[in-house]
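Subject: Structure for your files

Hello,

Please find the structure we discussed below. My notes on it follow.

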Amino acid sequence: MEKVMEMAPAKLNLTLDVGEKHPDGYHNIVSVMTSATLQDVVTMERGVGEGITLTCSDPTLPCDEKNLAYRAALLFFDQATVECDGLHIHLEKRIPMQAGLGGGSSDAAAVLRGLRKLYAPNMKLRELERMAIHLGSDVPFCVRGATSMVLGRGEQLIPLPSLPPCWYVLCKPTESHSTADMYQKIDDLRPQRGIDTEGMVQALEEADMQNVVRCVGNLFEDVLPENSSIPAIRRQLMDLGARCACMSGSGSTVFGLFTDEKAAHGACQRLIEAYPYTYFAESV
């Protein structure tokens with residue numbers, strides 16, 4: 001029996017703009033994505049029993065083909081044309097669900113990376129990324145994990161420099177947003193706010209944190225429900241010392257970006273009193 005462990009970091013959208021909708025229902029996106037140290041842990045062991053089995057620390061999650069990590073394993077064995085000799089996957093969940101942090105996508109990407117190590121060590125990472133698009137638009141980025149500009153349906157990845165050292169406070173309120181509903185609102189309302197992804201790319205290339213925080217933005221914030229708590233959380237994070245604050249993905253997590261670690265810890269402790277799903281994390 002062989003065993004590997006892969007970390008599955010949370011995904012953050014530093015910028016997120018939404019373009020046209022294709023006939024297949026997918027939208028073009030333009031986004032700068034990065035990763036944070038809030039991470040699930042995915043353990044894979046081969047030569048265990050028969051077929052694919054999956055367990056999870058969160059009893060509310062399905063452990064069959066409804067789980068993206070399980071589907072990632074099925075896809076790997078189909079696409080890599082290697083035989084499953086009995087695979088067990090265990091997910092230790094730390095990233096909250098329906099949060100805009102890509103937890104399920106990151107788990108699936110971790111499964112792909114782990115299975116490459118176990119079964120096909122000569123497979124190129126690019127092959128995994130091509131495989132990953134069949135699982136969802138965030139999964140190719142999560143396979144790579146490093147800060148990137150993401151285009152198209154998520155299949156086009158352009159590497160970017162990492163952020164200068166910084167810290168995040170990630171705050172998920174009780175509200176949750178259906179990704180499909182949020183995209184439908186984008187289609188219906190067509191918000192026109194400009195998201196400065198080009199400016200973000202230049203700021204990262206120049207390691208200019210002042211312009212990084214200036215360019216952070218997410219079009220989905222323009223179609224939030226009127227009773228959303230997102231704007232209030234953003235204001236709280238800014239009042240507590242964040243350089244900027246923004247929703248990630250289609251929500252509902254808001255991240256505050258801090259350049260003072262002590263201030264980030266303090267903000268986390270303040271917010272966790274009202275929002276139990278609040279986390280401190282570092283940039284990756």
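Strand β9 (residues 244-247) runs antiparallel to β10, and the two pair over 4 bridges. Two strands are said to pair if DSSP finds at least two bridges between them. Helices (H or I, at least four residues) and strands (E, at least two) are DSSP runs, numbered from the N terminus.

Before the rest, the basis of these notes. This is a predicted model, in which local features need pLDDT of at least 70, side-chain atom pairs count only at pLDDT 80 or more, and totals for chains, interfaces and linings use all residues. Residues are numbered from 1 along each chain as its sequence is written, and side-chain values use heavy atoms, with hydrogens and water left out.

The β10 strand

β9 and β10 form a hairpin with 6 residues between them. In the turn, G249 has a positive phi of about 60 degrees. A cis peptide bond joins G251 and S252, with omega about 15 degrees, and S252 lies in the loop between β9 and β10.

β10 also pairs with strand β7 (residues 167-171), in the antiparallel sense and over 5 bridges. V254 in β10 has M247 opposite, and C171 also stands opposite V254.

How enclosed is β10 (residues 254-258)? 5 of its 5 residues are buried, so the strand is largely enclosed by the rest of the structure. Buried means under 20% relative accessible area, exposed over 50%, and partly exposed in between (1.4 Å probe, protein chains only). In a regular strand the side chains alternate between the two faces of the sheet. In β10 both faces are covered: V254, G256 and F258 are buried on one side, F255 and L257 on the other.

Cysteines

With a disulfide taken as a pair of cysteine sulfur atoms within 2.5 Å, the count comes to 0. C171 is in no disulfide, and the nearest cysteine sulfur, that of C268, is 8.8 Å away. C171 counts as buried, at 0% relative accessibility. For C215, the closest cysteine sulfur is in C244, at 10 Å, which is too far for a bond. C215 also counts as buried, at 3% relative accessibility.

The largest pocket

Rolling a probe the size of a water molecule over the atoms shows where empty space is left. On a 1 Å grid over the protein atoms alone, a cavity is a set of points where a 1.4 Å probe fits but cannot get out, while a pocket is an open set with protein on both sides within 12 Å along at least five of seven lines; lining residues have an atom within 4 Å of a point. Grid points are joined across faces, edges and corners, and a volume is the space filled by probe spheres set on the points.

The largest pocket holds about 1100 Å³ of space. Its lining has 45 residues, and L68, G102, S105, D138 and T179 lie nearest the centre. The elements giving two or more residues to this lining are β1 (2-21), β2 (27-46), α1 (68-79), α2 (103-119) and α5 (179-189). α5 gives the largest share, 5 residues. By class, the lining has 17 nonpolar, 19 polar and 9 charged residues. Here Ala, Val, Leu, Ile, Met, Phe, Trp, Tyr, Cys and Pro count as nonpolar, Asp, Glu, Lys and Arg as charged, and the others, Gly among them, as polar.

Positive phi outside glycine

T81, in the loop between α1 and β4 (87-92), has a positive phi near 50 degrees. At 68% relative accessibility, T81 counts as exposed. Q98, in the loop between β4 and α2, likewise has a positive phi near 50 degrees, and at 57% relative accessibility Q98 counts as exposed.

Regards
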